[in-house]
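Here's a quick briefing to read alongside the model. Take a look at the structure first, then work through the points.

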Amino acid sequence: MLSAYIQAAMAHATEERLEASGQYYVEIPELRGVWAAADSPAAARRELQEVLEDWIELGLAAHDQFPVIDGIDINLEHFAGTHH
(Lines give C-alpha, C1' and ligand atoms only; values in the text may rest on other atoms or scores of the structure.)
Protein backbone atom coordinates (compact mmCIF):
# COMPACT_ATOMS: atom_id res chain seq x y z
CA MET A 1 0.00 0.00 0.00
CA LEU A 2 2.79 2.46 0.86
CA SER A 3 4.67 1.76 -2.35
CA ALA A 4 1.50 2.38 -4.38
CA TYR A 5 0.97 5.66 -2.50
CA ILE A 6 4.58 6.71 -3.14
CA GLN A 7 4.29 5.89 -6.85
CA ALA A 8 1.01 7.78 -7.15
CA ALA A 9 2.38 10.80 -5.28
CA MET A 10 5.54 10.86 -7.41
CA ALA A 11 3.35 10.86 -10.54
CA HIS A 12 1.86 14.15 -9.28
CA ALA A 13 5.31 15.79 -8.95
CA THR A 14 5.88 19.03 -10.78
CA GLU A 15 9.28 20.25 -11.93
CA GLU A 16 10.79 23.59 -12.79
CA ARG A 17 14.26 24.94 -13.40
CA LEU A 18 15.27 27.73 -11.06
CA GLU A 19 16.81 30.52 -13.11
CA ALA A 20 18.92 31.97 -10.29
CA SER A 21 20.66 28.73 -9.28
CA GLY A 22 20.17 26.55 -12.36
CA GLN A 23 18.87 23.78 -10.12
CA TYR A 24 15.77 21.73 -10.73
CA TYR A 25 12.99 22.16 -8.17
CA VAL A 26 10.41 19.40 -7.79
CA GLU A 27 7.42 19.21 -5.48
CA ILE A 28 4.23 17.30 -4.90
CA PRO A 29 1.62 20.07 -4.66
CA GLU A 30 -0.87 17.99 -2.67
CA LEU A 31 1.71 17.26 0.05
CA ARG A 32 2.79 20.36 1.95
CA GLY A 33 6.52 20.51 2.51
CA VAL A 34 7.41 17.67 0.15
CA TRP A 35 9.93 19.19 -2.26
CA ALA A 36 13.55 18.89 -3.34
CA ALA A 37 16.12 20.67 -5.50
CA ALA A 38 19.19 19.30 -7.26
CA ASP A 39 21.46 19.86 -10.24
CA SER A 40 19.60 17.49 -12.56
CA PRO A 41 15.96 16.40 -12.94
CA ALA A 42 16.84 12.79 -12.08
CA ALA A 43 18.72 13.79 -8.93
CA ALA A 44 15.89 16.07 -7.88
CA ARG A 45 13.34 13.26 -8.28
CA ARG A 46 15.52 10.82 -6.31
CA GLU A 47 15.80 13.37 -3.52
CA LEU A 48 12.06 14.04 -3.70
CA GLN A 49 11.28 10.35 -3.20
CA GLU A 50 13.54 10.26 -0.12
CA VAL A 51 11.82 13.36 1.26
CA LEU A 52 8.42 11.77 0.58
CA GLU A 53 9.38 8.54 2.35
CA ASP A 54 10.65 10.47 5.39
CA TRP A 55 7.50 12.64 5.38
CA ILE A 56 5.29 9.52 5.42
CA GLU A 57 7.34 7.89 8.18
CA LEU A 58 7.13 10.98 10.40
CA GLY A 59 3.44 11.42 9.63
CA LEU A 60 2.63 7.82 10.53
CA ALA A 61 4.53 8.14 13.82
CA ALA A 62 2.60 11.33 14.64
CA HIS A 63 -0.76 9.86 13.49
CA ASP A 64 -1.13 12.68 10.96
CA GLN A 65 -3.86 12.71 8.32
CA PHE A 66 -2.64 12.07 4.78
CA PRO A 67 -4.35 13.26 1.62
CA VAL A 68 -5.85 10.45 -0.43
CA ILE A 69 -3.99 10.32 -3.74
CA ASP A 70 -5.56 8.63 -6.76
CA GLY A 71 -7.89 6.73 -4.43
CA ILE A 72 -5.04 5.39 -2.26
CA ASP A 73 -5.70 6.00 1.45
CA ILE A 74 -2.87 5.30 3.91
CA ASN A 75 -4.55 6.86 6.92
CA LEU A 76 -4.42 4.59 9.95
CA GLU A 77 -8.17 4.76 10.65
CA HIS A 78 -8.72 3.43 7.13
CA PHE A 79 -7.21 0.15 8.34
CA ALA A 80 -8.66 0.13 11.89
CA GLY A 81 -11.65 -2.01 11.01
CA THR A 82 -9.85 -4.40 8.68
CA HIS A 83 -7.90 -6.42 11.29
CA HIS A 84 -9.35 -8.24 14.28
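What follows covers the sheet, the core and one asparagine.

This is a predicted model, so local features need pLDDT of at least 70, side-chain atom pairs count only at pLDDT 80 or more, and totals for chains, interfaces and linings use all residues. Residues are numbered from 1 along each chain as its sequence is written, and side-chain values use heavy atoms, with hydrogens and water left out. Helices (H or I, at least four residues) and strands (E, at least two) are DSSP runs, numbered from the N terminus.

**The sheet**

- Three strands make an open, antiparallel sheet in the order β1-β2-β3; two strands pair if DSSP finds at least two bridges between them.
- β1 (14-17) and β3 (35-38) sit at the edges with a single partner strand each, so one side of each has no neighbour in the sheet.
- On average, neighbouring strands here are turned by 20° against each other, direction ignored (axes are lines fitted to C-alpha atoms, for helices over the stretch in contact, and angles run from 0 to 180 degrees between N-to-C directions).
- α2 packs on this sheet and touches β1, β2 and β3, and its direction makes about 150° with that of β3.

**Who pairs with whom**

- Four bridges link β1 to β2 (residues 24-27), in the antiparallel sense.
- Across that pairing, Arg-17 stands opposite Tyr-24, and Thr-14 stands opposite Glu-27.
- The β1 and β2 hairpin has six residues between its strands, and Gly-22 there takes a positive phi near 80°.
- β2 and β3 also run antiparallel, joined by four bridges, with Val-26 opposite Ala-36.

**The nonpolar core**

- A nonpolar core is a set of buried Ala, Val, Leu, Ile, Met, Phe, Trp, Tyr and Cys residues joined through side-chain atoms within 4.5 Å.
- The largest one has 21 residues, and Tyr-5, Ile-28, Leu-31, Leu-48, Leu-52 and Ile-56 touch the most other members.
- α1 (2-11), β2, β3 and α2 each give two or more residues to this core, and α1 gives the largest share, five residues.
- Leaving out residues up to four places away in sequence, Leu-48 touches several residues, including Met-10, Val-26 and Trp-35 (contact means heavy atoms within 4.5 Å).

**Asn-75**

- Asn-75 lies in the loop between α2 (41-61) and α3 (76-80).
- Is Asn-75 buried or exposed? Asn-75 counts as buried because its relative accessibility is 4% (buried means under 20% relative accessible area, exposed over 50%, partly exposed in between, with a 1.4 Å probe and protein chains only).
- The Asn-75 side chain reaches the backbone nitrogen of Phe-66 at 2.6 Å.

Notes: A polar contact is a pair of N or O atoms within 3.5 Å; within protein, one must be able to donate a hydrogen and the other to accept it, and residues adjacent in sequence count only if both atoms are side-chain atoms.
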